[in-house]
Amino acid sequence: MSKLTFARAINAGLRKSLENDPKVVLIGEDIGSLGGVFRVTDGLQKDFGKHRVIDSPLAESGIIGTAVGLAYRGYRPVCEIQFDGFIYPAFDQIVSQVAKMHYRTQGRVKMPITIRVPFGGGIGSPEHHSESPEAYFTHTSGLRVVAVSNPQDAYTMIQQAIASDDPVLYFEPKRRYHDKGDVDESIDLSNAMPLDKAAVVNAGSDVTLVAYGPLVKTAKDAAQAAADEGISVEVIDLRSLAPVDYPVVEASVRKTGRLVITHEAGQSGGLGAEIAASITERCFNYLESAPVRITGFDVPYPYSKLEMHHLPNLDRILDGVDRTLGRPNSLSGLEG
Amino acid sequence: MLTDKAGKGVQNDAPRPGQSAQNPLRTGGNLLQLVSPEGERISHPEFDLWIKDIGDEQLGSLFEDMTVIRRIDTEATALQRQGELALWPPLLGQEAAQIGSSRSLRDDDFVFPSYRESGVAYIRGAHVSEIAQVWRGNALYAWDPQRINMATPQIIIGSQSLHATGYAMGVQLDGASTAVLAYFGDGATSEGDVSEAMVFAASFQAPVVFFCQNNHWAISEPVRVQSHVQLADRPTGFGIPSLRVDGNDVLAVMAATRWALDRARSGGGPTFIEAVTYRMGPHTTADDPTRYRDPNELEDWAAKDPILRLRRLLDVKGLLTEDLEGRVKAKADAVAAELRNSCVNMPDPQPLDVFNHVYSTPNSWIERQKDHYSRYLNSFNQPVEEGAL
């Protein structure tokens, strides 16, 4: 067991995948001698060569489009998109090509492509550096979408994503890159929790709180604070955003009767809406109150002096918990 | 350059644009032509070498292939008009470009087509029923890409130029001598992906040939809307040598493609070929070119018909015998009949097939939807019991 930062844990996972499979190649902007703008690929080009850790031209569609060709040739490309807001130029290649190639060819061509995306806010960045674009991709059939929330998962899930024969969008919460945690580097991937499973990270009985990526830590902190007031919150780390592991969420809601979902992305059409609807369909008779979403606002990601208002925090989450419990809250007395 | 498995070659050691951009073959926008529209053989000191093995028999076989793919095209257009195909993108007029280029490929070369390369697919070994399946709407795929070394049709304009470049980068990593050919049209050169593909291909010196069939029209938009310069001028700015060939001259297309493929295989890097041709039919069976095209233009190009030109060459050489004509017609008739039969007798896909192959591993969302839809379909077979709601 070693103590690693989030970024080092991903680095260690990438290293392991490069060692284990000669078909794994990394491609992205500045990932070579610089080691990526967040140093996640630090030292990998030095150790594996420029032919396996490829500094690409500054062209996101080109990164993903050439990865499609590499996959066609039998490689397992791991693409780095430098920042969340830079993924849009590659959107067409991701949703029209990466996602559909397996379906289009009746399973004859696999796209084992991993697309790493540092996502989310909270680091005081300028425009295009703090977005949460995951819903665009969860809406696209053919893609698997995951978001990691701790160094151990980061280490394990990057290797699982690379080993997956399906394309995986791998979202990394950039404001947690420097958080440290225990990582068991000897973990046997075949025994590890599968890539598409959700984890109950805090057991509770009054309210189910669903989070992923950067907000898992905030959700756990909120559960701790709620416990101080005698409210028992069960926190679920989704891990997989597409597909969502509904049986785990369902079992929890059947127990608690209440559901709060939190994400940094804007509310409308977001993952929270999908989860609220699906859980309502599946658990209607068990719900004691309507599901509540605590999310970013439906605004472009704001300038950094205002981002603390946009991002869900512990207090906003607890306010949502109070709403499901019928306790006094910021919307008390408001109809509808 | 991405080269050997030992990792010695590195992309940043590639010649910089300018160093690698020598392009002695392209001068003043001249069109490479080895056969005149009147069927006269025009000699060229350099490119004659690339077709010196094309004797009488090979000329006959090129004539056969061009005639057969024209017949496939005519038959498919008729099948669409009869409601047997949902749509068809005609290749009428582009037979020399498709046959000249595809007949230049080795079996181990890999092709990334656009949607109009039905003639290329036929030459690569796709069955006509596999070609028809796509346009009938019975499958998104046509053929097994790994079997014929040709990707399935690509409808998003220019996307495949990046796939070809990535595949070529993989060829470099493998240390193989395979070449990769990407087909796209004049409209695609306006797409960002084609520019990005040229950036990547030049930077990594990838063994890819960009084969642009400039058929003059992107649906209703003429090529002058796409480009202020000749299309073959564009790649030189990326450090990629280019050739502008008469796309209705099968020998010129073949010589140029062979030259470019050989460059790719021998580490010379990417090449861009602009095959200047003309789409004589509509973009697809869904549009009407009389709304946007001057009929005189069509007449001018009909005089440069690629099959007519080869016939004239064969005639000049005394090769246009009854035997050849009869043989070619019989072959074209047989292929057309096969296309028609396989098309009208094609079984419909099964309802639950809609859920297959989205992922290579199970996905709980789709499994559930498939299960629910299957129950729904089965409900039609169940008697509804009194009071059972």
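In this predicted model, 50 residues of chain A are in contact with 53 residues of chain B, where contact means heavy atoms within 4.5 Å. The model is predicted, so local features need pLDDT of at least 70 and side-chain atom pairs count only at pLDDT 80 or more, while totals for chains, interfaces and linings use all residues. Residues are numbered from 1 along each chain as its sequence is written, chains are lettered from A in the order in which they are written, and side-chain values use heavy atoms, with hydrogens and water left out.

**The interface**

Between them, chain A and chain B bury about 4300 Å², of which 57% is on carbon and sulfur atoms; buried area is the accessible area (1.4 Å probe) that two parts lose on being put together, summed over both. Across this interface the rule finds 2 salt bridges, a salt bridge being a side-chain nitrogen of Lys or Arg within 4 Å of a carboxyl oxygen of Asp or Glu. One salt bridge joins the side chains of A:Lys23 and B:Asp174. On the side of chain A that touches chain B, helix 3 of chain A gives the largest share, 10 residues; helices (H or I, at least four residues) and strands (E, at least two) are DSSP runs, numbered from the N terminus.

| Pair | N to O distance |
|---|---|
| B:Arg258 and B:Asp53 | 2.8 Å |
| B:Arg265 and B:Asp109 | 2.4 Å |
| B:Lys329 and B:Asp333 | 2.9 Å |

Because B:Arg265 lies in helix 9 of chain B and B:Asp109 in the loop between helix 2 (95-102) and strand 1 (110-112), this pair ties together parts that are 156 residues apart in sequence. B:Asp109 is buried, at 0% relative accessible area, whereas B:Arg265 is partly exposed at 22%; buried means under 20% relative accessible area, exposed over 50%, and partly exposed in between (1.4 Å probe, protein chains only). B:Lys329 and B:Asp333, by contrast, both lie in helix 12 (residues 322-344) of chain B, 4 residues apart, about one turn of the helix.

**A buried threonine in chain A**

A:Thr262, found in strand 13 (residues 259-266) of chain A, counts as buried, because its relative accessibility is 0%. The side chain of A:Thr262 reaches the backbone oxygen of A:Ile294 at 2.8 Å, and among the residues that A:Thr262 touches are A:Leu209, A:Tyr212 and A:Pro312.

How values were computed:
A polar contact is a pair of N or O atoms within 3.5 Å; within protein, one must be able to donate a hydrogen and the other to accept it, and residues adjacent in sequence count only if both atoms are side-chain atoms. Lists of a residue's contacts leave out its neighbours within four places in sequence.
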